[in-house]
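Colleague: I am new to this structure. Could you take me through it in questions and answers?

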Amino acid sequence: MKGLDQLMRAYEDRHFPSSRQLDLHGDGPSAARERALKWIQSCAHEQPGEELLLVVERGYRPGSTGGPVRREIEALLTMLKGGLIDWWQPFGSGSLALGLAVEPRIQTHRPPPPPVGEGRTPETAGAALIDTADDVPPELLPMIERAAELRRTREQVSLGLLPVLLRRVWIEAQAYAMSDGTDFKAGVEKVLRDEEAAYLEDLED
């Protein structure tokens, strides 16, 4: 029902201002997951304890399993629960609400840095970013640099984008570590193994 959808969106807007909403329903599953993870990490760093809303689809029917974006984001939130977030649940039509942890657990010697790119909110877009090399434990940096360089070669992107890839690799390593219940070194090693395997596959093709 069109009228019901409009009421639900108005309800969402009253509870979650635009700065605390991220619309993902137009993205593919992988892109939506990456954007959501970046945004949640940024907000956890800058607004711990806040409540956020992720729009994962429109026209969702209660009782259905939802589309691929919804399933991907639900899996991500389940992985982040107990670390970056305290809870998550369906909210409204095609949206998921979540509560950021008051003390986020993904951190090394400092709170998780705000990510680069489209995950940042208008309020935080001008904030200074911590350089990845300064944020990563020194003993892990060579492996992260190796993984980022392999990815840059595979994706055939310019050398100027290497800092972006370094940060993505570091974010993925942190996510793997929390998902597997291991330390950050194990997470970095997993990312590096995956990149080396993908690189060898490309050479064989």
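Predicted model: local features only at pLDDT ≥ 70, side-chain atom pairs only at ≥ 80, totals over all residues.

Colleague: What percentage of the residues count as buried?

Modeller: A residue is buried when its relative accessible area is under 20%. The protein chain has 205 residues. The share of them that counts as buried is 42%.

Colleague: Among contacts between residues at least 6 apart in sequence, what percentage join residues at least 24 apart?

Modeller: Contact here means heavy atoms within 4.5 Å. Take the contacts in the protein chain between residues at least 6 apart in sequence. Those joining residues at least 24 apart make up 63%.

Colleague: In what order do the four strands form the open sheet?

Modeller: β1, residues 21–23, runs parallel to β2, with three bridges joining them. β2 and β4 are antiparallel, over five bridges, and β3 and β4 are antiparallel too, over six bridges. The pairing is mixed, and the order is β1-β2-β4-β3.

Colleague: Which strands stand at the edges?

Modeller: Look for strands with a single partner strand. One side of such a strand is left without a neighbour in the sheet. The edge strands are β1 and β3.

Colleague: How many degrees does the twist average from one strand to the next?

Modeller: The sheet is open and has four strands. From one strand to the next, its twist averages 20 degrees.

Colleague: Which residue in β4 is the bridge partner of Val 55?

Modeller: Val 55 lies in β2, where Asp 23 stands opposite. For Val 55, the partner in β4 is Ser 95.

Colleague: Why is β4 largely enclosed by the rest of the structure?

Modeller: Check both faces. Ser 95, Ala 97 and Gly 99 point one way, Leu 96, Leu 98 and Leu 100 the other way, and all are buried. β4 is therefore largely enclosed, and the number of its six residues that are buried is six.

Colleague: Which element gives the most residues to the largest nonpolar core?

Modeller: That core has 25 residues, and Ile 40, Leu 54 and Ile 73 have the most contacts inside it. α2, β2, α3, β4 and α6 each supply at least two residues. The most, seven residues, come from α2.

Colleague: How many residues are in the second, separate core?

Modeller: Its members include Met 143, Leu 150, Trp 170 and Val 191. Two of these names, Met 143 and Leu 150, are buried residues of α5. The second core has 19 residues.

Colleague: How many Å apart are the end C-alpha atoms of α3?

Modeller: α3 covers residues 68–80, which is 13 residues. At 1.5 Å a residue, the helix should span 18 Å. The model agrees, because its ends are apart by 18 Å.

Colleague: Which elements cover the buried residues of α3?

Modeller: The buried residues are Val 69, Arg 70, Ile 73, Leu 76, Leu 77, Met 79 and Leu 80. Among them, Ile 73 touches residues including Ala 36, Leu 54 and Leu 96. The cover includes α2, β2, β3, β4 and α6.

Colleague: Which residue with a positive phi follows α5?

Modeller: α5 has 15 residues and reaches 21 Å, close to the 21 Å expected. The phi of the residue after this helix is near 55 degrees. That residue is Gln 156.

Colleague: Does Arg 151 count as buried or exposed?

Modeller: Arg 151 sits in helix α5. The residues that touch Arg 151 include Leu 165, Glu 172 and Glu 195. Its relative accessibility is 8%, and the cut-off for buried is under 20%. So Arg 151 counts as buried.

Methods:
Residues numbered from 1 in each chain as written. Heavy atoms only, no water. Buried < 20%, exposed > 50% of the residue type's maximum accessible area, 1.4 Å probe, protein only. Expected span 1.5 Å × (residues − 1). Core = buried A, V, L, I, M, F, W, Y, C linked by side-chain atoms within 4.5 Å. Pairing = 2+ DSSP bridges. Axes fitted to C-alpha atoms, helices over the stretch in contact; angles between N-to-C directions. Lists of a residue's contacts leave out its neighbours within four places in sequence.
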